[in-house]
Amino acid sequence: MLIEQRTYTLEPGTSPRFLAAYESLGFEAHRDIYERLVGYFVSETGTLNQIVHLWAFDSFEDRNARRDRLQRDPRWQKYMEQVKGLVVQQESRLLRPMGWSPAIPKLNETPR
């Protein structure tokens, strides 16, 4: 199992626009293709104007295959057009959870 932690730092004041576009256009495609959302968050302290989301994958290869599918999805492409220019920086971390981590049993369940 692999968890991808993706962090987007947005232009100040653009979080509502980014989140509205994601909820109405991007989330469905993301969820349908990636399938296992661990969590989606906004920063309240520390570095502000950040969106953080975590997705679970079976492996690095699984993640890459799903990412390729997402990039080709017309719904995702439409979403990307809406948020173009809002992201100042993005960071992606691939995390390997320990077997005793409390989130693991739930993530191993079959999606929907």
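How many residues of the lining of the largest cavity are nonpolar, how many polar and how many charged? I got 5 nonpolar, 2 polar and 3 charged. Here Ala, Val, Leu, Ile, Met, Phe, Trp, Tyr, Cys and Pro count as nonpolar, Asp, Glu, Lys and Arg as charged, and the others, Gly among them, as polar.

**Ground rules.** I am reading a predicted model, where local features need pLDDT of at least 70 and side-chain atom pairs count only at pLDDT 80 or more, while totals for chains, interfaces and linings use all residues. Residues are numbered from 1 along each chain as its sequence is written, and side-chain values use heavy atoms, with hydrogens and water left out.

**The cavity.** I found 1 cavity of 30 Å³ or more, and the largest cavity holds about 50 Å³ of space. A cavity is a set of points on a 1 Å grid over the protein atoms alone where a 1.4 Å probe fits but cannot get out; lining residues have an atom within 4 Å of a point. Grid points are joined across faces, edges and corners, and the volume is the space filled by probe spheres set on the points. I noted the lining residues, among them Glu4, Arg6, Tyr8, His53 and Trp76. Strand S1 (2–10), helix H1 (15–34), strand S3 (50–57) and helix H2 (60–72) each give at least two residues to the lining, and S1 has the largest share, with 3 residues. Helices (H or I, at least four residues) and strands (E, at least two) are DSSP runs, numbered from the N terminus.

**The sheet.** I traced an open sheet of 4 strands in the order S2-S3-S1-S4, with antiparallel pairing (two strands pair if DSSP finds at least two bridges between them). Strand S2 (37–42) and strand S4 (87–95) are at the edges with a single partner strand each, so one side of each has no neighbour in the sheet. I then checked S2 and S3, which pair over 5 bridges in the antiparallel sense. Gly39 stands opposite Leu54 in S3.

**An aromatic pair.** My search of the whole structure gave 8 aromatic pairs (rings of Phe, Tyr and Trp, its six-membered ring, with centres within 6.5 Å; planes under 30 degrees apart are stacked, over 60 edge-to-face, the rest tilted). Phe18 and Tyr79 have ring centres 6.2 Å apart and planes at 75°, so I wrote this pair down as edge-to-face. Phe18 is in helix H1 and Tyr79 in helix H3 (residues 74–83), 61 residues apart.

Key: 1 Å grid on protein atoms, 1.4 Å probe; cavity = no way out; pocket = protein on both sides within 12 Å on 5 of 7 lines; lining within 4 Å.
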